[in-house]
Number of protein chains: 4
Amino acid sequence: MNKKSVAVLGATGMVGQRFIQALVNHPYFEISVLAASPKSAGKKYSESAKWYLEGGMPEEVKGMKVVSTEARIEADIAFSCLPSESASEIELRLAKQGAAVISTSSNFRYDDDVPVIIPEVNIEHVGLLLEGQRKRRGFEKGFIVKKPNCTTTGLVMTLKPLQDKFGIESVIMTSMQALSGAGYEGVPSMAIVDNVIPYIGGEEEKVEKEVLKLLGNGRKDAKMKVSCSCNRVGVTDGHLESAFVKLGRKASVGEVKRVMREFEGEVQKMKLPSAPIPPLIVMEELDRPQPRMDRYAGEPERAGGMAVAIGRVREDNVFENGIRYSLLSHNTVRGAAGNAVLTGEYLFKKGMV
Amino acid sequence: MNKKSVAVLGATGMVGQRFIQALVNHPYFEISVLAASPKSAGKKYSESAKWYLEGGMPEEVKGMKVVSTEARIEADIAFSCLPSESASEIELRLAKQGAAVISTSSNFRYDDDVPVIIPEVNIEHVGLLLEGQRKRRGFEKGFIVKKPNCTTTGLVMTLKPLQDKFGIESVIMTSMQALSGAGYEGVPSMAIVDNVIPYIGGEEEKVEKEVLKLLGNGRKDAKMKVSCSCNRVGVTDGHLESAFVKLGRKASVGEVKRVMREFEGEVQKMKLPSAPIPPLIVMEELDRPQPRMDRYAGEPERAGGMAVAIGRVREDNVFENGIRYSLLSHNTVRGAAGNAVLTGEYLFKKGMV
Amino acid sequence: MNKKSVAVLGATGMVGQRFIQALVNHPYFEISVLAASPKSAGKKYSESAKWYLEGGMPEEVKGMKVVSTEARIEADIAFSCLPSESASEIELRLAKQGAAVISTSSNFRYDDDVPVIIPEVNIEHVGLLLEGQRKRRGFEKGFIVKKPNCTTTGLVMTLKPLQDKFGIESVIMTSMQALSGAGYEGVPSMAIVDNVIPYIGGEEEKVEKEVLKLLGNGRKDAKMKVSCSCNRVGVTDGHLESAFVKLGRKASVGEVKRVMREFEGEVQKMKLPSAPIPPLIVMEELDRPQPRMDRYAGEPERAGGMAVAIGRVREDNVFENGIRYSLLSHNTVRGAAGNAVLTGEYLFKKGMV
Amino acid sequence: MNKKSVAVLGATGMVGQRFIQALVNHPYFEISVLAASPKSAGKKYSESAKWYLEGGMPEEVKGMKVVSTEARIEADIAFSCLPSESASEIELRLAKQGAAVISTSSNFRYDDDVPVIIPEVNIEHVGLLLEGQRKRRGFEKGFIVKKPNCTTTGLVMTLKPLQDKFGIESVIMTSMQALSGAGYEGVPSMAIVDNVIPYIGGEEEKVEKEVLKLLGNGRKDAKMKVSCSCNRVGVTDGHLESAFVKLGRKASVGEVKRVMREFEGEVQKMKLPSAPIPPLIVMEELDRPQPRMDRYAGEPERAGGMAVAIGRVREDNVFENGIRYSLLSHNTVRGAAGNAVLTGEYLFKKGMV
């Protein structure tokens with residue numbers, strides 16, 4: 001098989017490193033460009049990046065020369081995790097050149113013509129919006145696809161089978177989010193030791209808006225009410241969320257678990273390399289899921305961190321037809337790089353890149 | 001003023017130590033007995049207790065001899081924080097002897113004749129239930145008063161002014177609870193480093209039941225729906241909670257804050273030594289309250305840790321007439337020993353002990 | 001190849017679980033018995049053990065029935081991590097039955113006839129002491145081998161090549177030890193959040209004694225001076241140590257690093273499955289090794305956590321011919337189960353079991 | 001008493017805030033200027049500074065207008081905690097104007113004419129060096145005094161009585177340093193959760209040089225050898241150090257403890273407000289001192305955090321006449337602002353400001 005060439009934009013940061021982990025030895029993709037800000041450019045990757053992840057920097061990228069995001073970049077697919085402020089210009093340029101831009105940055109995310117994708121949830125939005133996007137933006141072959149906020153991602157994956165089977169009227173969610181969600185330098189240690197911070201700027205608004213877009217039909221938002229409270233806790237990776245959901249009709253705890261366990265998307269049927277089988281893991285232990293124990297849930301190995309772990313499914317006291325549960329997803333794997341790579345795998349298999 | 005003699009039952013544990021902190025140099029009370037399990041008895045307090053709290057063991061108690069809870073204990077008031085399994089027999093014995101037993105243990109808490117008290121919220125329940133309790137239990141002069149679960153306490157203090165002014169229909173609450181709530185040895189460090197545990201045995205049921213009892217009229221529970229999700233985080237002291245509340249009628253964020261800020265109980269009007277003025281502190285900073293920064297909120301000095309800090313009061317998207325906010329209260333001060341001592345101060349001033 | 005049957009004694013604890021991880025799908029060994037205290041016996045492993053490690057309980061052991069350590073146990077090798085208080089009687093019984101007992105417990109460790117082994121350092125002690133042990137203890141075919149304390153292990157592995165090449169006169173070492181070293185329930189979270197504990201009962205004495213035994217000739221202790229200060233830090237796994245070493249003769253930093261990098265034991269030459277190649281990894285980054293980043297150092301995959309990571313090798317100001325460095329080793333893998341399994345692999349290949 | 005006017009240079013940072021805590025309601029000093037970088041200048045202190053410390057921002061400074069460090073600053077004493085890069089020019093300017101500059105910044109610290117002071121240890125260096133400094137630098141009335149590195153400070157305070165009584169030949173020290181030592185934003189949380197960092201840039205060199213300067217006679221360094229290994233641990237405040245000391249002559253553990261306990265400086269005899277009595281607290285508990293429990297050691301109240309807690313004094317195995325012990329000192333109080341304020345109190349009482 002001819003591998004597609006891929007560029008990683010923002011390759012030196014923590015999510016860029018998760019992209020590299022997901023793409024090394026990938027059966028469909030070959031990293032051809034590692035791009036970063038001009039100040040990192042020109043040096044070998046091993047010299048310009050401090051490696052933040054377990055397991056050390058892969059040998060394959062150590063010697064690659066880092067390219068400036070301002071330079072011309074040639075690649076079939078551009079995986080972008082640039083800072084949202086600077087991403088738009090570069091992403092537009094690459095899409096115009098013909099690249100499939102699959103991006104974790106939040107710019108464009110709320111534009112009507114830009115699909116925001118969790119492959120198991122709404123991959124059909126790509127097809128629905130692509131033509132309009134190309135026409136409106138003047139792309140010939142390229143396009144831009146986004147992934148949602150990391151806190152949205154785990155939640156929506158658990159909501160999707162409930163929406164399909166029972167309908168959803170309301171969602172109240174409180175998150176306990178990992179430090180890596182703010183970037184490696186985002187949260188000073190002095191702020192979080194023996195502490196919790198009950199605020200993450202802009203996060204609640206993002207989740208509340210994105211749930212509706214992702215569970216909508218591609219043209220119109222879903223009709224439901226969503227309210228969140230987002231907190232930062234002293235955990236490296238893995239967002240834990242407590243969800244209270246008002247279903248459209250009565251469902252027993254047993255039915256809810258069964259529907260979650262049976263859930264799968266087209267990417268699971270296609271057995272894509274990064275597709276976790278199953279995508280939702282419903283745990284019966286009373287005290288799970290836990291970030292340190294369950295954040296790398298997901299099989300096969302390449303899908304580690306791509307499954308969402310769910311626990312404590314139980315009835316709710318407040319909502320009619322209400323249930324509550326806890327969920328955990330790895331915020332920089334399923335919530336960022338892994339989700340984007342899985343989207344790329346799908347588009348590749350469908351001949352869209 | 002003649003000080004009342006007090007016994008601390010369970011004096012060597014962490015809450016027992018909070019009692020000692022609260023009672024040393026107290027204007028109304030004099031510690032006359034430190035009681036603990038028979039195996040600690042007979043030794044000096046400094047030899048039988050490992051001191052867990054900041055600031056070191058007060059000189060006043062170092063040389064006191066620890067008495068067995070099985071021995072005869074003479075005191076006007078018994079502050080009890082015994083393990084719930086063994087508390088009942090001892091508390092009954094002391095109440096029969098004539099002591100006012102003010103207890104943080106959960107035994108008896110759901111008996112109809114036992115008042116569960118937050119002084120600012122429902123101190124009148126004492127008067128309503130006392131005669132019945134004495135008659136039923138065969139106490140002549142003594143009685144038993146309980147404080148609620150530590151997670152209930154902060155929440156109910158914030159709900160009380162809302163209930164009085166607007167009515168409350170529903171409450172959804174997710175807690176991020178401190179380690180000390182499980183006792184000093186309760187949570188192994190291996191369980192919580194880089195982790196959150198989405199489960200605390202029995203806690204959700206307690207909160208859901210106690211909110212109704214505390215906000216009820218002393219005879220009947222309040223009519224409202226309460227649903228919780230309780231989580232343990234790696235914080236030493238201070239329970240943080242995200243609350244979503246459906247009010248009985250429309251109220252603006254400004255009104256809600258004003259009503260919270262103006263809230264006070266009789267204990268504030270009486271300027272009791274441990275009564276925080278004000279009892280609710282509404283913060284305007286976006287990222288507060290935080291456990292490490294705000295857990296000792298409360299003035300004057302003797303009331304440090306007795307106020308509940310509230311932040312992020314904002315509209316809710318799900319409930320009609322809904323608001324949401326974060327709240328923090330010190331789980332072993334306001335949530336345990338401090339609340340009990342404030343109850344004792346009230347009863348003393350009213351001549352009930 | 002006919003696999004040897006092995007029993008894990010103390011199979012439900014944290015080190016027992018590390019044994020299971022190391023033995024599942026092992027090319028030489030087959031777990032035939034999981035033994036634990038009588039109160040766990042009779043149930044399936046999945047019911048009697050709470051799994052503490054990342055990656056979940058291996059399918060292979062879930063259904064195995066846990067056997068009482070008081071029952072008759074049949075196995076070629078018994079890997080023991082029983083509490084030291086109760087280990088002696090059981091280990092003696094099994095050795096008498098003919099089993100090779102390879103044990104992480106500290107009982108017998110200071111007996112002259114009991115080899116305490118790090119395979120790369122002193123595997124020849126087994127041969128030297130075995131006959132005497134069998135004679136003295138009345139074993140026919142079986143025997144008992146111990147591993148050293150987890151804090152000793154990493155240190156001695158770094159000292160061995162220095163001793164061989166330059167001689168060692170003195171060692172001063174301060175440790176920053178992981179929580180798992182005290183067992184899962186050993187350190188309460190309240191004791192360690194925002195804290196360090198400058199004391200670990202008995203640890204310094206163990207290290208000071210064991211270094212001499214391990215670096216000795218099997219009959220007599222090595223002649224050097226060792227002084228330690230052992231501290232507990234809030235890290236799950238991985239003991240970090242700062243070492244100051246007075247060598248027997250002048251050696252440059254470059255020579256020291258080279259000697260460390262070239263170090264290997266017979267187990268490396270034999271390419272045993274759990275032997276890390278190389279056993280010592282000397283890092284050049286200024287701020288390494290770090291517990292979270294480097295504790296699983298060691299290749300091939302089965303040897304993850306078996307290498308010792310060394311960093312910051314530099315001259316010392318105090319000692320003549322002095323050097324200093326930092327070292328890190330995984331306390332429950334290299335420091336316990338992994339070290340024991342590697343010992344077992346060697347003994348198997350040499351036909352001693 | 002006429003209070004001296006003081007300026008705090010670098011008033012918005014964490015050490016600046018410790019200065020404010022130490023100076024509010026001070027019997028000798030009155031804060032007249034809060035100075036910070038030009039970008040904070042012109043705003044009220046409550047608007048330009050995010051308060052990092054427990055207890056909240058003192059009312060006294062909330063409304064004060066922050067002045068640019070580039071503007072003219074009038075004050076009798078300038079307490080400076082400016083970034084070392086920018087401190088020199090400003091400190092020189094103020095000293096020329098006639099102010100006593102007492103600074104925690106590391107610039108000038110190794111100049112021969114600049115006293116580096118721990119009041120209990122070497123306050124006489126001020127008198128010895130002042131004339132030379134004024135002459136050389138062209139100051140008429142003003143001068144510059146420095147405090148040592150925070151890691152040096154605790155160590156030297158414990159060494160001083162040993163040096164005086166027994167002599168010291170060598171010191172080996174491994175530190176476990178708090179996060180606040182790097183400044184509020186200094187250590188990202190992602191770097192330290194479940195981790196220790198065995199490196200702090202430049203720290204070891206500073207300690208090794210400063211110990212000699214402080215224990216010297218003001219003109220010449222002390223003759224001893226010092227070697228360190230500096231580590232960062234996940235603790236907010238309080239540097240813990242393991243020290244191994246070769247004394248000049250034999251001393252029993254009992255003698256060492258007695259000499260430490262009896263130690264006092266002139267500032268203790270003068271009963272200066274920030275002088276802890278005693279300055280060294282030798283603990284007998286096996287597992288102390290601990291950062292979270294003991295960092296605020298020191299009485300009277302204004303001296304909280306100014307005492308050094310010592311524990312585990314015991315014989316050393318390596319050094320002839322060797323002892324070892326653990327010590328803890330609050331790095332931003334005794335190690336920074338508090339030490340500077342105590343120096344100021346002494347100079348004030350001696351009529352030098």
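1. In this predicted model, Ala7(A) stands opposite Ala78(A), a residue of β4(A). The strands concerned are β1 of chain A, residues 4-9, and β4(A), and they run parallel, with four bridges joining them. Strand β4 itself covers residues 77-80 of chain A, where Ile77(A) and Phe79(A) point one way while Ala78(A) and Ser80(A) point the other way, and all of these residues are buried.

2. Strand β4(A) also pairs with strand β5 of chain A, residues 100-103, in the parallel sense and over four bridges. Within that pairing, Ser80(A) has Ser103(A) in β5(A) as its bridge partner.

3. On the scale of the whole chain, chain A is divided into domain 1, made of 4-149 + 337-349, and domain 2, which is 151-330. The centres of domain 1 of chain A and domain 2 of chain A, taken over C-alpha atoms, are separated by 24 Å. Their contact takes 27 residues from domain 1 of chain A and 27 residues from domain 2 of chain A.

4. Which elements make up the domain 1 side of that contact in chain A? At least two residues each are supplied by α1 (14-23), α5 (119-122), α6 (124-137) and α13 (333-349) of chain A. The largest share comes from α13(A), which gives seven residues to the side of domain 1 of chain A that touches domain 2 of chain A. Sorted by class, this side of domain 1 of chain A has 16 nonpolar, seven polar and four charged residues.

5. Turning to the relation between copies, chain B is superposed on chain A by a rotation of 180° with 0.0 Å of shift along its axis, at an RMSD of 0.0 Å. The two copies are therefore related as by a two-fold rotation axis. In chain B, the C-alpha nearest this axis belongs to Thr174(B) and lies 3.3 Å from it.

6. The contact between these two chains brings 36 residues of chain B against 36 residues of chain A. On the side of chain B that touches chain A, at least two residues each come from β7 (168-177), β8 (225-232), β9 (239-247), α12 (291-294), β11 (308-315) and β12 (322-329) of chain B. The largest share of that side, five residues, is supplied by β8(B). By class, the side of chain B that touches chain A divides into 15 nonpolar, 13 polar and eight charged residues. Because 100% of the interface residues of chain B are also interface residues in chain A, the copies meet through the same surface.

7. A separate superposition places chain B on chain D, again by a rotation of 180° with 0.0 Å of shift along its axis and an RMSD of 0.0 Å. For that axis, the nearest C-alpha in chain B is that of Asp194(B), 3.2 Å from it. The contact takes four residues from chain B and four residues from chain D, and the side of chain B that touches chain D divides into two nonpolar, no polar and two charged residues. Since 100% of the interface residues of chain B are also interface residues in chain D, these copies meet through the same surface.

8. Leaving aside neighbours within four places in sequence, Asp294(B) is in contact with Arg288(B), Pro289(B), Ala309(B) and Leu328(B). Asp294(B) and Val308(B) are 14 residues apart in sequence, and their C-alpha atoms are 8.9 Å apart in space.

Key
Residues numbered from 1 in each chain as written. Chains lettered and ligands numbered in written order. Predicted model: local features only at pLDDT ≥ 70, side-chain atom pairs only at ≥ 80, totals over all residues. Least-squares fit on C-alpha atoms with pLDDT ≥ 70 in both. Contact = placed C-beta atoms within 7 Å. Domains from an automatic or database assignment. Nonpolar A, V, L, I, M, F, W, Y, C, P; charged D, E, K, R; others polar. Buried ≥ 20, exposed ≤ 12 C-beta atoms within 10 Å, placed from the backbone. Pairing = 2+ DSSP bridges.
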